[in-house]
Amino acid sequence: MGSLFRSEEMALCQLFLQSEAAYACVSELGELGLVQFRDLNPDVNAFQRKFVNEVRRCDEMERKLRYLEKEIKKDGIPMLDTGESPEAPQPREMIDLEATFEKLENELREVNQNAEALKRNFLELTELKHILRKTQVFFDEQEGGVNQTTESMTRALITDEARTAGASMGPVQLGFVAGVILRERLPAFERMLWRACRGNVFLRQAMIETPLEDPTNGDQVHKSVFIIFFQGDQLKTRVKKICEGFRATLYPCPEAPADRREMAMGVMTRIEDLNTVLGQTQDHRHRVLVAAAKNLKNWFVKVRKIKAIYHTLNLFNLDVTQKCLIAECWVPLLDIETIQLALRRGTERSGSSVPPILNRMQTFENPPTYNRTNKFTKAFQALIDAYGVASYREMNPAPYTIITFPFLFAVMFGDLGHGAIMALFGLWMIRKEKGLAAQKTDNEIWNIFFGGRYIIFLMGVFSMYTGLIYNDIFSKSLNIFGSHWHLSYNKSTVMDNKFLQLSPKGDYEGAPYPFGMDPIWQVAGANKIIFHNAYKMKISIIFGVVHMIFGVVMSWHNHTYFRNRISLMYEFIPQLIFLLLLFFYMVLLMFIKWIKFAATNDKPYSEACAPSILITFIDMVLFNTPKPPPEKCETYMFFGQHFIQVLFVLVAVGCIPVMLLAKPLLIMQARKQANVQPIAGATSDAETGGVSNGGSHGGGGGHEEEEELSEIFIHQSIHTIEYVLGSVSHTASYLRLWALSLAHAQLAEVLWTMVLSIGLKQEGPVGGIVLTCVFAFWAILTVGILVLMEGLSAFLHTLRLHWVEFQSKFYKGQGYAFQPFSFDAIIENGSAAVEE
C-alpha cells in the first residue's frame, strides 16, 4: 500500500562532506526539510564542540535583535513581514551582521540614555516650576493680609524661652524647605514629621494636577508639592533626613519674591529648550527604529538559520585528516535523489570541487515514523499522533479517520441547523486561512480552532447530513416530501393531546419515506421518544460493530506486511471469527427483525411476536431456552436458529484458547527445534513494537534480544483477556452515539419550547420587540450550549471511540516521530518562543 496508508520507508545514510562545503550543504538540506541527523558526539560536552563559538555569536546576535524588537514594540512601530524566507547567509556575512547589530544596539542605547537623562532634567525642572508656583501662593497669602495665621504659626513654633530671649533681639525668622513627594506617601510623611519633630514644624501641601512621567520606566505618577516651616538648625537636619527617608525631592526656593520670579522665568526658558532637544532625540530614535523594523524579521530568520546550521554541524564527526565531516541521518527512501540534488547545489555554491557522498547503511535499529501530510490531512494526523506515534510502517489510521471521525461525530450531533453553523465557521476559516495564518497569536484556544478548521468543516457538513436523516433542524422537522401517514384526528387533538400515538395499522401508507424520517414523528408526543430510542440505539450498535470489525481487518494488513504468519493465523483469524459469530450475528438479527416483523403483519410475524434482540443474545450466550412465545407466535426468527446459535457460541468460545495458547506454544516449539533466535514472524508484537521483519523494508527494523517465554505467555494472556472482555465493553461503549444524540435533540427541543416559542406567541408591535430579545437570547444559548459545549462533548466522545474502540484492534503507536532538520519548523518554533 502507498505511503498514505503507511509511514514512509526510511533509510539510514552516512554523509561525507568536505569542510568547506559542509555549511552550504547543510543549508540546502535545511531548506529541504527531509533529513534527520543523528548526534555522533553524545559524550562530548556542548561547550567542547567544534562550532560552539559560532553558536555563541549567534546567541549574542539574537539577544541584540530581541532588544531591538522590544524597543520597536514599545513605540508601536509595525514590523515589515513579507512572508518570504531569505536564504541562510554565508559564514563571511556573519561579521557584517554582527557589526550592523552592534552599531544599532550601541546607537539605540546611547539615544535611550540621553533621552532618560533629558527626561530626568525635564522632570526636575517641571517639579521646580510647580514648587515655585505653589510656594508663591503660600507667600502671597502671608503678604496679602493673612498675617494672623503666620503669627500664630510662628508663636506655635517658638518655645517660651525663645520668646523671652527674642523679645530683646527682634522678630524671629523661620526657616523652610520645599520639595515634591509622591501623593500616596504624603499622609505617612506628615505623621512622621509631626511625631519626629514633636509638632514643632508646620507643613503646607498642594497637589500637582497633571501626572508626571517617570524617566526610568515611563509610568505616569501623581505627586504633591510641600513646604515645611521650622525653627533652628536641629529641626532642619531632622526634616531633611525624613524627606530623604520618604524619597522626597527637595529643591532650592528663594525667600525673596523677586528671586522666585527670576528663577521661575529661567526654569520656563530651560523647559522650552529641553522640550526642543527631547523632541529631536525622540525623532532620531524613531528613525533608527523604523529603519530597523523594515529588516528585523529577515534578520531574525538569517540568524536562526545560521545558528541552526552550526548546531547541526556540531552533531557531525571529523575524520582523521580534519578535512571531511561525517554525518549519519535518516532520510525517506523516495527522496534520496532530491537530497542528492540539494547536496550538489550546496557544493556548487561553496565552490568546492569534491562532491559529497551519501551512502546507505544497513541497520537493525527501528527507523523514525514519517507520514506525509498536507494542510488538509495534518489535523487528522495530529489526532492520531496525540494517542501515540505509529510504529515504523504500521497501518496509519489517519486516512480512514478522515471519514469515520466526522461521521461518528455527526451521529451524536445530528442537526441540520447546528451543523450548518459549524460548517460555516469552518468554511470561513478555510477561506481566510492565509490571512489568519499570517496573524501570529498566542491565544491557545484560537490556535486549536484554526488548526482543526478542516475537521470542524467536515464535522459540520456530516452533521447537516445526519440532521437531514433525523429530519431535525433546531428541534423542528422539514416537510419536504409530505407525510406517509394519514391521521384520523382533528387538528386540536393532534396539537394538544400529549398522549397521541401513531398506529401503523391504520395510519401508515406502507411505503417507506423517500429520505430520512417522516416529519409526522415531530408531533407524535407519546411514542416519538420510544421510536427514536429504538432507532438510534440499534444504529449505534450497528455502526460500532462494523467499526470494530474494520479495525480487526486493519490488523490483517499489519500481519501480512510484516510476514507475521503466526499472528495472522492464531490472532487475526480467531479475533475476527469471535467478533463475527457473536456481535455481527447480533447485528444480523436486527436486520432480520426489521425485515420480517411489522405492525401490519399477521402472526407469527406481527409486532406482538417480535422478540427482543438483547434477550435473544443473552439466551444464546447462556444456552438458555427462550420463554414460550404468545399464542401463534414462532419461538425463533428463522429455521435452524437454535442450532446455528449454539454452533456460533461454541466456535467463538473455542477461539479463546487458540488466541491464548497457540502463539506462545509455537514460539516455544520453534526455539526448542532451532535452539536459536525466534523464527521470522514468530515474535510477539510487544517484542518488536509491531515490526517483525522490518529489516527488508527501508533498511531498518526491530532486532531485539530474545524475549523470555514467561513474558510471552503473560503478554498473550493479557492481550487475549483484553480483547475478549473489550469486545463486550467496546460494543456497549458505542451506545454513547445513541445517548448523546438523544441528549442533543432534547436540549434543542427544550430551548425551542422554553425560550423561542415564548417570543413567537407574542402579537403586535410589542411582540416584535419581545421576539427580537428572545431570539437573541435563544441564539446565544444555541451557539454557546448546543454548538460549543455539546460539540466539544461529542468531539471528545468521538475521539475516545477512535482511540480505544477502533485503534486498539490494530494500532500499537509505539514509534517515534521523524523530526527532520527544517528551517521552516525552526523559525516557526523560534517565533512562538519569542512571542511567549
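Let's start with a cluster of charges: Asp-59, Glu-62, Arg-304 and Lys-307 are linked in a network of salt bridges, a salt bridge being a side-chain nitrogen of Lys or Arg within 4 Å of a carboxyl oxygen of Asp or Glu. Before going further, note that this is a predicted model, in which local features need pLDDT of at least 70 and side-chain atom pairs count only at pLDDT 80 or more, while totals for chains, interfaces and linings use all residues. Residues are numbered from 1 along each chain as its sequence is written, and side-chain values use heavy atoms, with hydrogens and water left out.

Now for the overall picture. The chain has 27 helices and 11 strands; these are DSSP runs numbered from the N terminus, with helices (H or I) of at least four residues and strands (E) of at least two. Of the 836 residues in the chain, 45% are buried. Here buried means under 20% relative accessible area, exposed means over 50%, and partly exposed lies in between (1.4 Å probe, protein chains only). Among contacts (heavy atoms within 4.5 Å) between residues at least 6 apart in sequence, 82% join residues at least 24 apart.

Back to the charges, as the structure holds 28 salt bridges. One of them pairs the side chains of Lys-74 and Glu-71, at 3.6 Å from N to O. Because these two residues are three apart in helix 2 (residues 52–74), about one helical turn separates Lys-74 and Glu-71. Lys-74 is exposed at 57% relative accessible area, whereas Glu-71 is buried at 4%. Another salt bridge joins the side chains of Asp-75 and Arg-285, at 2.6 Å from N to O. This pair links distant parts of the chain, 210 residues apart: Asp-75 sits in the loop between helix 2 and helix 3 (93–143), and Arg-285 in helix 8 (residues 257–293). Asp-75 is partly exposed at 32%, while Arg-285 is buried at 6%. A further salt bridge brings together Lys-663 and Glu-571, at 3.3 Å from N to O.

Next, the cysteines. A search of the whole structure finds one disulfide, meaning a pair of cysteine sulfur atoms within 2.5 Å. The partners are Cys-609 and Cys-633, with their sulfur atoms 1.8 Å apart. The torsion about their S-S bond is about -60°, so the disulfide is left-handed. Cys-329, by contrast, is in no disulfide, and the nearest cysteine sulfur, that of Cys-13, is 5.5 Å away.

Ser-555 lies in helix 19 (residues 528–561) and is buried, at 4% relative accessible area. Its side chain reaches the backbone oxygen of Val-552 at 2.4 Å. Leaving aside neighbours within four places in sequence, Ser-555 is in contact with Phe-572, Lys-809 and Phe-810.

Technical notes:
A polar contact is a pair of N or O atoms within 3.5 Å; within protein, one must be able to donate a hydrogen and the other to accept it, and residues adjacent in sequence count only if both atoms are side-chain atoms.
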